[in-house]
Amino acid sequence: MAPLTLDLSSLQGQSRLQQILATSLVGSLDLVQPRQIHLSWAAAQLWVQLPLATQLTPDLKPRLQTLAQSLERQIRRLDLREVSQVGLQFSRGEQVVWEHPFAYERPRPSAPRQPLQAAPAKSRRSSWLQKQLHHQQARHLANPVAAVLEDAAAVVALWLAVLLLQQGVGLLRDPTANYQVRGTNDFVPGARPESPGVTLRNYLAIQSGMRYERVRAIFGDKGLVVSEEKSDSTTPSKLTLLWQTPLATSTSSLPDSNLSISVVFLGDRVVGKSLQRF
């Protein structure tokens, strides 16, 4: 990539350089005031005045040196016309407290890359297919029975690989697809909730460490307090909340009916859960 070229003889070039340097100082706002950068350019010398945000102390000197080296690397990546010397001046009020001068050379443009001459893809495929065809013909001529058995075994292995791949893709899309619900602490990483409600999928989507507000949003209700344990003021309280399917569907035989879900919170975080059918 060609370096950015700036003409400091124009106000636009100086403004652009100030913006670049101010962006580089975002992580050092406690040390330097980026909005007050001042540039002076004359006789191929560029001076960048950087006002300090605090008094320069011996323990801040290493940070200031590291910052100056970072700004130097940033300036060297730019193509500054008619500049041969750069000086970074760190000031406090009207007094320059530290300087970092360095010689500057404009970066040389890199030579354009020549595209690699690749062999035609069609001829490579044709050559590979011909080799494979000759190899298979030689196998069948040398031992027809063994060749047929090997081909059959290869087909079966390919079929099994496809089945395993399909199952793996299914698990990646839905980690709960083949999960056997135990009823206690069924934490399934990657399980995603569906629309708010008391459902089996939403139960599996509750993860350890999840906050109460997230659980409430998943179930669509604040839950019923079953028990609350308080030990002392320094330990978070332990709270058990209950969510159940609506009474209107309690007699249904659907998978998401007759569910009673208990979630245990320590403070505001999930530490356990259980599921029962009634």
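**Sheets and cores in a predicted chain**

Trainee: What share of the contacts with a separation of 6 or more comes from residues 24 or more positions apart?
Mentor: They account for 45% of those contacts in the chain, a contact being heavy atoms within 4.5 Å. This is a predicted model, where local features need pLDDT of at least 70 and side-chain atom pairs count only at pLDDT 80 or more, while totals for chains, interfaces and linings use all residues. Residues are numbered from 1 along each chain as its sequence is written, and side-chain values use heavy atoms, with hydrogens and water left out.

Trainee: OK, how many helices and strands in the chain?
Mentor: Six helices and 10 strands. These are DSSP runs numbered from the N terminus: H or I of at least four residues for helices, E of at least two for strands.

Trainee: What's the strand order in the mixed sheet?
Mentor: That open sheet of four strands runs β2-β3-β5-β6. Its edge strands are β2 (38-42) and β6, each pairing on one side only; pairing takes at least two DSSP bridges between two strands. From one strand to the next, the twist averages 20°.

Trainee: How do β2 and β3 run?
Mentor: Antiparallel, joined by five bridges. Ser40 has Trp47 in β3 as its bridge partner.

Trainee: And which strands does α1 lie across?
Mentor: β2 and β3, at about 135° to β2. Axes are lines fitted to C-alpha atoms, for helices over the stretch in contact, with angles from 0 to 180 degrees between N-to-C directions. α2 also packs on the sheet, touching β3, β5 and β6, and makes about 40° with the direction of β6.

Trainee: Which residues have the most contacts inside the largest nonpolar core?
Mentor: Leu50, Leu88 and Phe90, in a core of 29 residues. Such a core is a set of buried Ala, Val, Leu, Ile, Met, Phe, Trp, Tyr and Cys residues joined through side-chain atoms within 4.5 Å, and buried means under 20% relative accessible area with a 1.4 Å probe, protein chains only. α2 gives the most to this core, with five residues. A second, separate core of 19 residues includes Val188, Met210, Tyr212 and Phe219.

Trainee: Switching to the antiparallel sheet, what is the order there?
Mentor: β7-β8-β9-β10, an open sheet of four strands. β7 (224-229) and β10 (269-277) are at the edges with a single partner strand each, so one side of each has no neighbour in the sheet.

Trainee: How many bridges between β9 and β10?
Mentor: Eight, in the antiparallel sense, with β9 covering residues 259-266. Opposite Ile261 stands Leu275 in β10.

Key. Buried means under 20% relative accessible area, exposed over 50%, partly exposed in between (1.4 Å probe, protein chains only).
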